Every structure is written in C-alpha cells, then in structure tokens.
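Please open the model in a viewer and keep the selection panel at hand.

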Amino acid sequence: LPTGASSALRRLALSVMAAAQGRMGDAAGAQKTVEALQQASTASPDDPNLKSAVHVAQGMLAGAQKDLKAAGGHFAMCSNQDSYGQWQAFEVSSKDGDTAGAAAALSRLTKIYRRDPVYLYARTSAERTPPTAANENQAR
C-alpha cells in the first residue's frame, strides 16, 4: 500500500484497539496503544486525524483507569470531525454526572451531519440517551 493509505489504516487499527482496550478496562494494553499512536503522531505532526486519534486513545486509557475527568478532557480535545471521540465525550460526561458537559458534547456531535456509519450510530445512540436520562440511570 502507498504510505498514506497504510498510515491511515494503522491509525484506524490503533484507534479501534484503544477503544476496545478502554472498554475492557485493559489499562496496560491501552497505555501501549497510546504510546504507539504518540510515536506515529511525532512522525507526522501535521496530521489532525492522528492527533485526534491520540486524544481518543488517551481518553480510553483514562477511562480504563476510572479517571472520568481526564477522559472527558481528552475526548473534548478531539477533532469535531471525529465522531467516535465526540460520542465518547458525551458518554463520559453522562457517566460522570456532568449534564452541561454532556449537552455540549451532544451539541458538537450533532452539529455536523455526516454520512458515516460510526457517526450515524453514535448520533442515534446519543440522541436516545439524553444527558438527564443518563444521569438518572446512573443514580439507580
């Protein structure tokens, strides 16, 4: 594959791996994935998608470590075009009880309409769970 295509595929693979590790609570694995993405980001400092992927991975690592404030901070630094990062910002804010943060993340997520499967799933999932409902579910 050409260098650009292989770099994009590697970024995507590492992002998916970080998401899976974060959801499973595998902080050690997520740390290694963050390091791999940071190394790639150092090699390509002008790639905004890669920078956003680093923040997603760091957010997933913080989530695996049960640090929801730090996770929310990393997800908030994701690109507005990064549907998964914006969706996770909503999810983390909802879990943390931050209604205002969840509403802001939902606004960022739904501001731009994209024809992308991840975006459509994230938008549908987030809209089904308004910030106040998510907080009520957490209290139960």
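Which residues in α1 meet which residues in α3? Select Arg-11, Ser-15, Ala-18, Ala-19, Gln-21, Gly-22 and Arg-23 in α1; they meet Asn-49, Leu-50, Ala-53, Ala-57, Met-60 and Ala-64 in α3. Contact means heavy atoms within 4.5 Å, and helices are DSSP runs (H or I, at least four residues) numbered from the N terminus. This is a predicted model, in which local features need pLDDT of at least 70, side-chain atom pairs count only at pLDDT 80 or more, and totals for chains, interfaces and linings use all residues. Residues are numbered from 1 along each chain as its sequence is written, and side-chain values use heavy atoms, with hydrogens and water left out.

Next, display the axes of helix α1 (residues 3-24) and helix α3 (residues 48-64), which come within 8 Å and cross at roughly 15°. Axes are lines fitted to C-alpha atoms, for helices over the stretch in contact, and angles run from 0 to 180 degrees between N-to-C directions. α1 and α3 are therefore roughly parallel to each other (angles under 35 degrees count as such, and those over 145 as roughly antiparallel).

Move to helix α4 (residues 68-76) and α5, whose axes come within 8 Å and cross at roughly 155°. α4 and α5 are therefore roughly antiparallel to each other. To see the contact, select Leu-68, Lys-69, Ala-71, Gly-72, Phe-75 and Ala-76 in α4, which meet residues of α5 including Gln-86, Ala-89, Val-92 and Lys-95.

Now turn to the pockets. On a 1 Å grid over the protein atoms alone, a pocket is an open set of points with protein on both sides within 12 Å along at least five of seven lines, whereas a cavity is a set where a 1.4 Å probe fits but cannot get out; lining residues have an atom within 4 Å of a point. Of its 17 lining residues, Arg-11, Leu-12, Asp-82, Ser-83 and Tyr-84 are the closest to its centre. α1 gives the most to this lining, with five residues.

The second largest pocket has a volume of about 260 Å³. Centre the view on Gly-22, Arg-23, Gly-63, Ala-64 and Lys-95, the closest to its centre of 15 lining residues.

Finally, select Asn-80, Ser-83, Gln-86, Arg-108, Leu-109, Ile-112, Arg-114 and Tyr-119, which line the largest cavity. Its volume is about 50 Å³.

Note on methods: Grid points are joined across faces, edges and corners, and a volume is the space filled by probe spheres set on the points. Helices (H or I, at least four residues) and strands (E, at least two) are DSSP runs, numbered from the N terminus. Angles under 35 degrees count as roughly parallel, over 145 as roughly antiparallel, 65 to 115 as roughly perpendicular and the rest as oblique.
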